[in-house]
Amino acid sequence: MRTRRGIAILGSTGSIGKSSLDVISSMNEHGEDYYVTYLVTNKNVDLLYQQVKKYNPIGVVIINEERAKQFQSYLNGEKLNVYSGEAGLAEVMSRGEFDVLISSLVGFAGLRPTLEALRAGKTVALANKETLVVAGEIVNETAREYRANVVPVDSEHSAILQCFTGEDKESIAKLILTASGGPFLNRSKEDLEKVTVEEALNHPNWRMGNKITIDSATLMNKGLEVIEAHYLFDLPPERIEIVVHPQSIIHSMVEFVDGSIKAQLGMPDMKIPIQYALTYPERIRSKYQRIDFGKVSQLTFMRPDVERFPLISLAYEALSQGGTATAVLNAANEASVDLFLRRKIRFTQIADFVRQALESIPTKRLPDIDEIFEADRQARQFVYAETEHSN
Ligand SMILES: NC(=O)c1ccc[n+]([C@@H]2O[C@H](COP(=O)([O-])OP(=O)(O)OC[C@H]3O[C@@H](n4cnc5c(N)ncnc54)[C@H](OP(=O)(O)O)[C@@H]3O)[C@@H](O)[C@H]2O)c1
């Protein structure tokens, strides 16, 4: 039996949030003592209410004020702290009534609350890669200053962390991030012009939220992960490589100076890296599916095609440029994915808009947090204005 640990979840109604709650239940079934302190959501108050009934947290935060009122009407004398809006979220994060924050909001919205939790000196199990993409240096400095920890949840970064364990940093030659290649791995450039939202949302290996599923189809997800890996493991972009591995069994690899490579393998199930982030550096038993090597007939690899998936190169360029370039990259991508999901632009226009935003918006070196917010605002405005213009 371990020490009792309180967990808060940003985005409890999302794909990672729901899996995290399952992991907590499963770990407790195996004799652990995890409990939920706060659940944070945007709008899905019906599911949030079910989660409250099951996990009995101290409180909830609902970003959308109208939905917060709706949620209040569900409560039947239950003792629960209910906060709403960004201000409510900031208050809950800064009070730090949790040992670990699972940061699994989608997009740029995750940055502020994640920083608040780090300032409260807490451990952050980070799924929200956008936080590191837009403000990696500030996140790392904040974690250092407040003696807080960031542990990756993303399966690739969890794999790298597992391969790193017991090794000296000097012995690492490069990181090899694996990518499934998404649903359009074998589509021609011409075909990609015509793909539909439904096709793009049909990922072959992983069931995830809509935004990351589109990022996986454009391969921007891998570009964002290169930036995330740079800030988590302090290696330059030229030592972070991408390899397409359609089976998603090897979650990533580390090559060492002697030519040896360590890989971490597992079934494509986010519950495994979520559990590892919560128990790191230890491991505990889990009930999740094991690899049956009798059924995995082959593991294949290929280089990513940056001609057909240009967002990979744009992500490397933004990382090399530094400053606010990665915030512009991220915001232009978020806005373009939103437009694609609303059927306002074609799939291939996502990369076009990101490229144009990076070319048009001047970047600032060593930005402070306000300058990052300003770069984010400008890039979104640029994409939405360009779309109006072209329609
Ligand atoms: N899904 C995966 O397998 C996976 C794997 C690796 C990394 N990640 C990363 O984890 C993060 C979450 O991904 P996901 O797939 O779980 O997303 P998702 O299913 O779309 O869930 C997003 C969650 O965030 C909440 N939310 C959205 N906007 C918000 C806002 N402005 N303020 C507060 N809450 C907000 C949503 O609440 P409502 O439900 O109320 O709208 C929902 O709970 C992303 O950064 C993604 O890149 C995901």
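So, which side chain does D191 meet in a salt bridge? The partner is K194, at 3.9 Å from N to O. One thing to keep in mind throughout: what you're looking at is a predicted model. Back to the pair: D191 is partly exposed, at 30% relative accessibility, while K194 has a relative accessible area of 60% and counts as exposed. There's also a network here, where salt bridges that share partners join K129, D154, E156, K222 and E225.

Let me stay with charges for a minute. The count for the model comes to 29 salt bridges. Take D234 and K169, whose closest N and O atoms are 3.2 Å apart. As for exposure, D234 is exposed at 54% relative accessible area, and K169 is partly exposed at 40%.

Another one to click on is E307 with K189, where the side chains meet in a salt bridge at 3.7 Å, N to O. E307 is in the loop between α12 and α13, and K189 is in helix α8 (residues 189–192), so this pair ties together parts that are 118 residues apart in sequence. E307 is exposed, with a relative accessible area of 54%, and K189 is partly exposed at 43%.

Okay, on to the ligand. Which residues come nearest to the ligand? Of the 24 residues around the ligand, they are T13, T41, K43, N44 and E130. If you sort the shell by type, you get nine nonpolar residues, eleven polar and four charged. Some backbone atoms are worth a look too. A polar backbone atom of I16 is 2.9 Å from an oxygen atom of the ligand. For G11, a backbone N or O atom lies 3.3 Å from a ligand oxygen, and for A127 that distance is 3.5 Å. How much of the ligand's area does the protein bury? Taken alone, the ligand exposes 900 Å², and the protein buries 86% of that. The elements giving two or more residues to the shell are α1 (15–29) and α6 (129–145).

Now the surface. There's a nonpolar patch of about 360 Å², made by L265, F293, L299 and F301. Of those, F301 is in the loop between α12 (271–279) and α13 (311–321), and F301 is partly exposed, with a relative accessible area of 41%. In that loop you'll also find P281. A cis peptide bond joins Y280 and P281, with omega about 5°.

N56 has phi near 50°, and N56 lies in the loop between α2 (45–55) and β3 (59–62). S248 has a positive phi of about 50°, and its place is the loop between β9 and β10 (250–256). So which of these is buried or exposed? N56 is exposed, with a relative accessible area of 62%. S248 counts as buried, at 6% relative accessibility; the cut-off for buried is under 20%.

Next, helix α5, residues 111–119. Its buried residues are L111, P113, T114, L115, A117 and L118. After α5 comes G121, whose phi is positive, near 75°.

L235 is in the loop between α11 (220–233) and β9 (240–244), and L235 is buried, with a relative accessible area of 3%. From L235 to N186 you go 49 residues along the chain, and their C-alpha atoms are separated by 31 Å. Then there's S320, in helix α13, which is exposed at 56% relative accessible area. S320 and L21 are 299 residues apart in sequence and 37 Å apart in space, C-alpha to C-alpha.

How values were computed:
Residues numbered from 1 in each chain as written. Predicted model: local features only at pLDDT ≥ 70, side-chain atom pairs only at ≥ 80, totals over all residues. Heavy atoms only, no water. Near = heavy atom within 4 Å. Polar contact = N/O pair within 3.5 Å; in protein donor to acceptor, adjacent residues only side chain to side chain. Areas by Shrake-Rupley, 256 points an atom, 1.4 Å probe, with all protein chains shown as cover. Helix = DSSP H or I, 4+ residues; strand = E, 2+ residues; numbered from the N terminus. Nonpolar A, V, L, I, M, F, W, Y, C, P; charged D, E, K, R; others polar. Patch = residues over 30% accessible without salt bridge, like charges linked within 9 Å, V, L, I, M, F, W, Y side chains within 5 Å. Salt bridge = Lys/Arg side-chain N within 4 Å of Asp/Glu carboxyl O. Buried < 20%, exposed > 50% of the residue type's maximum accessible area, 1.4 Å probe, protein only.
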